[in-house]
Amino acid sequence: MKLADRLNQLGTENAFEVLSEVNSLKAAGRDILSFAIGEPDFDTPENIKQACIQAIQQNQTHYCPSAGILPLRETIAAYIAKTRNISVSPDEVVVTPGGKPIIYYCLHALVNPGDEVIYPNPGFPIYESVIRFLGGVPVPAPLLEEKDFSLDTEHLEQLITPKTKLIILNSPQNPTGGMLTPKDLEQIAAMAVKHDLWVLSDEIYSRMLYSGTFTSISALPGMAARTIILDGFSKTYAMTGWRLGYGVMNRELATAVARLITNCESCTNTFIQYAAIEAITGPQDSVDEMVAEFKARRDLIVDGLNSIPGISCKKPNGAFYVFPNVTAACKNLGFADSKELQQYLLHSGNVAVLPRTSFGEKNTAETQEYIRLSYATSRENIIAGLKRIKDALAAKA
Ligand code: PLP
């Protein structure tokens, strides 16, 4: 009774493991404050829920095309065209259960064994996991604190070889909250065109921006046909459990991804797709309110973390994560790395955070230690959680 060898190559998303550890500690009666999971603590807006209920009552409960229902693909095409300043047709849109499957399917459609894929590190762990699973070669592009966790584009170009197939970008970024600047995007686009590369632009946090406007690499010269835009409903409309996302990509790739969907889940839940039309076309006040609240929480958590000895935290401009530097705290308290600090905070401080290594192995020459906190939790929890961290560190000092 043996499992297939390929599973040895498959990674995971550590946040879910910490979540289940937190849940079992809670079930055992422990009062844990969690900053571990990246999902809005808001409820899905009422108009979206009602549109879903109505779609069920209208019996939108059957199979639909693998790429998604046409009215939703039309809605998404119009939304992406407007927000990214590009032209998009509905047959360039593929709807999936969450944004995550776009990573899995597009990499399956593009990566041959031995192909190199450049991805941000620290970064969303699923990129590296799926690249490895396919026999591709993961090539981490370091995100550096001194560059506000954007990419070092000069270094990025050095990572490109004749075997490079694809570059994965994520801005605003998980776990650092970092952003790529318009200049970074221009330089990366020029490299992609010069070396004939695909770009998977993970734009799932594109609406979670605290100043300025969002720019997509897809709008730059030569990029339309080679960019896959990943976006979805999980974060923007607080719909993580609904499982709904999408990719925008050239027709040939969209057809290939739809064929993969036919082989796996057949199609995304039909009535949920009707609710998604309401999400995009209905009132956006709840998104604006949520983002305003995240901004206030960001300020609260950044100031609070910076007031704790041994911790220093940059103020990110997007997403709902902070990635404080905890090197001094680890050193002062005798922890070998952020994983030991994370375990100490969980078991002795009753606070759940994620260590740096939940987002990839450290880059060569990386000397600093980091943890990630999601501030998608109430201000009350943030204040209480920061006090617990401060007290736990002081107790060990
Ligand atoms: N991409 C990034 C960078 C994420 O952080 C996440 C979720 O945490 C996803 C994609 C997947 O989102 P979804 O829940 O819609 O599958």
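## The largest cavity

In this predicted model, the largest cavity holds about 60 Å³ of space, where a cavity is, on a 1 Å grid over the protein atoms alone, a set of points at which a 1.4 Å probe fits but cannot get out. Grid points are joined across faces, edges and corners, and a volume is the space filled by probe spheres set on them. The lining is made up of 13 residues, and those closest to the centre of the largest cavity are Leu143, Leu151, Asn170, Gln173 and Leu180; a residue counts as lining if it has an atom within 4 Å of a point.

By class, this lining comprises 8 nonpolar and 5 polar residues, with no charged ones, given that Ala, Val, Leu, Ile, Met, Phe, Trp, Tyr, Cys and Pro are taken as nonpolar, Asp, Glu, Lys and Arg as charged, and the others, Gly among them, as polar. Strand 5 (residues 164-170) gives the most to the lining of the largest cavity, namely 3 residues; strands (E, at least two residues) and helices (H or I, at least four) are DSSP runs numbered from the N terminus. The count of cavities of 30 Å³ or more is 4.

## The largest pocket

The largest pocket has a volume of about 470 Å³, a pocket being an open set of points with protein on both sides within 12 Å along at least five of seven lines. Of its 25 lining residues, Glu13, Gly38, Phe124, Lys235 and Arg243 are the closest to the centre. Helix 1 (14-27) and helix 4 (100-110) are the elements that give two or more residues to this lining, and the largest share, 3 residues, comes from helix 1.

The lining of the largest pocket divides into 11 nonpolar, 7 polar and 7 charged residues. At least three residues come from each of domain 1 (5-43 + 286-396) and domain 2 (61-281), with bounds taken from an automatic or database domain assignment.

## The ligand

The ligand is surrounded by 13 residues, the closest of which are Asp202, Tyr205, Ser234, Lys235 and Arg243, where surrounding residues have a heavy atom within 4 Å of the ligand. Polar side-chain atoms lie 2.6 Å from a ligand oxygen atom in Ser234 and 2.8 Å from one in Arg243, while an N or O atom in the side chain of Lys235 is 2.7 Å from a ligand oxygen. On its own the ligand has 400 Å² of accessible area, of which the protein covers 93%, as computed by the Shrake-Rupley method with a 1.4 Å probe.

## Basis of the values

Residues are numbered from 1 along each chain as its sequence is written, and side-chain values use heavy atoms, without hydrogens and water. For this predicted model, local features need pLDDT of at least 70 and side-chain atom pairs count only at pLDDT 80 or more, whereas totals for chains, interfaces and linings use all residues.

Technical notes. Polar contact = N/O pair within 3.5 Å; in protein donor to acceptor, adjacent residues only side chain to side chain.
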